[in-house]
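Colleague: Please take me through one part of this model in close detail. I would like to start with its open space.

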Amino acid sequence: MSAPPAEDLIKQWESEQASLRKQVLEEDTEDWQREPDFSGLERIGGVDLSFIKGDDVNACAQLVVLSYPDLEVLYEDSQMVTLTAPYIAGFLAFRETPFLLEALQRLERNQPTLLPQVVFVDGNGLFHYREFGLACHLGVLSGLPCVGVAKNLLQVQGVYKSEEHQSQIASLKKGGDSFPLTAASGKVLGKALRSSDKSSKPVYVSVGHKISLDTAVHLTHRCCRYRVPEPIRQVTNDV
């Protein structure tokens, strides 16, 4: 049976995204999220799918689990995978989520006591064309709280790399400072966060699932030794 034409596939994926989007919880659902120092949070995860240069089919799906608040590695999993779904802008999650979900399920089967209580995703959550990026997709399918942290600005829903955006970045004076990413509709889809005193370039934080935006931003800052939060830095080797 041949693959459906791109137009049919896009319609199918749009429908699936819309259905799954209704299941996203944009508020704090866990006790530790309501504690000032995140008391009760012990394990944080990071996931990423990295490609070999020049090859957009073969990739390495990676999962790391760190202790919190010490940010020491408790568990690592790397698997070479072959992607079968095509790359279509705005639908990245349909290519990547199955392999990241498999990594989490493998951990749950083999070492359930190390399952993370929250997962950092190298990518966007609600800050997305249809408010359903990779962090939302993985969160809904795994049932775990997820935070999207992107290193580059996705220019979407009226948010652009404008002079105003650049001046807002310049106004972030110290680690922990942030400003909202507001869509043309007026809805705040995420925040630009200066994650470290050492780096003036922000990261872009958005809700994936089962966490509020303020908590996601606060936790991201707490997990940064450098610009990129440790759970993501450990799977992407990025500073």
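By class, how many nonpolar, polar and charged residues does the lining of the largest pocket have?

Modeller: Some ground rules come before the answer. This is a predicted model, in which local features need pLDDT of at least 70 and side-chain atom pairs count only at pLDDT 80 or more, while totals for chains, interfaces and linings use all residues. Residues are numbered from 1 along each chain as its sequence is written, and side-chain values use heavy atoms, without hydrogens and water.

The lining has eleven nonpolar, seven polar and two charged residues. Nonpolar here covers Ala, Val, Leu, Ile, Met, Phe, Trp, Tyr, Cys and Pro; charged covers Asp, Glu, Lys and Arg; the others, Gly among them, are polar. In total, 20 residues line this pocket. Nearest its centre lie Leu92, Asp122, Gly123, Asn124 and Leu154. Its space comes to about 440 Å³. A pocket is an open set of points on a 1 Å grid over the protein atoms alone, where a 1.4 Å probe fits, with protein on both sides within 12 Å along at least five of seven lines; lining residues have an atom within 4 Å of a point. Points are joined across faces, edges and corners, and the volume is the space filled by probe spheres set on them.

Which element gives the most to this lining? That is α2, with three residues. Helices (H or I, at least four residues) and strands (E, at least two) are DSSP runs, numbered from the N terminus.

In one of them, Trp13 and Phe94 are stacked, with centres 4.7 Å apart and planes at 5°. To pair, rings of Phe, Tyr and Trp (its six-membered ring) need centres within 6.5 Å; planes under 30 degrees apart are stacked, over 60 edge-to-face, the rest tilted. Trp13, Phe91 and Phe94 make one aromatic cluster. Are its members buried or exposed? Trp13 is buried at 6% relative accessible area, Phe94 at 13% and Phe91 at 3%. Buried means under 20%, exposed over 50%, partly exposed in between (1.4 Å probe, protein chains only).

Now the second largest pocket. It holds about 180 Å³. Its lining includes Tyr160, His165, Phe179 and Pro180. Two elements, α4 (163-170) and β6, each give two or more residues to this lining. The largest share, four residues, comes from β6. By class, the lining has five nonpolar, five polar and one charged residues.

Lys187 is in the loop between β6 (178-182) and β7 (188-193), and Glu26 in the loop between α1 (6-21) and β1 (43-51), so the bridge ties parts 161 residues apart in sequence. A salt bridge needs a side-chain nitrogen of Lys or Arg within 4 Å of a carboxyl oxygen of Asp or Glu. Both partners are partly exposed: Lys187 at 28%, Glu26 at 31%. Arg21, Glu26, Glu131 and Lys187 are linked in a network of such bridges.
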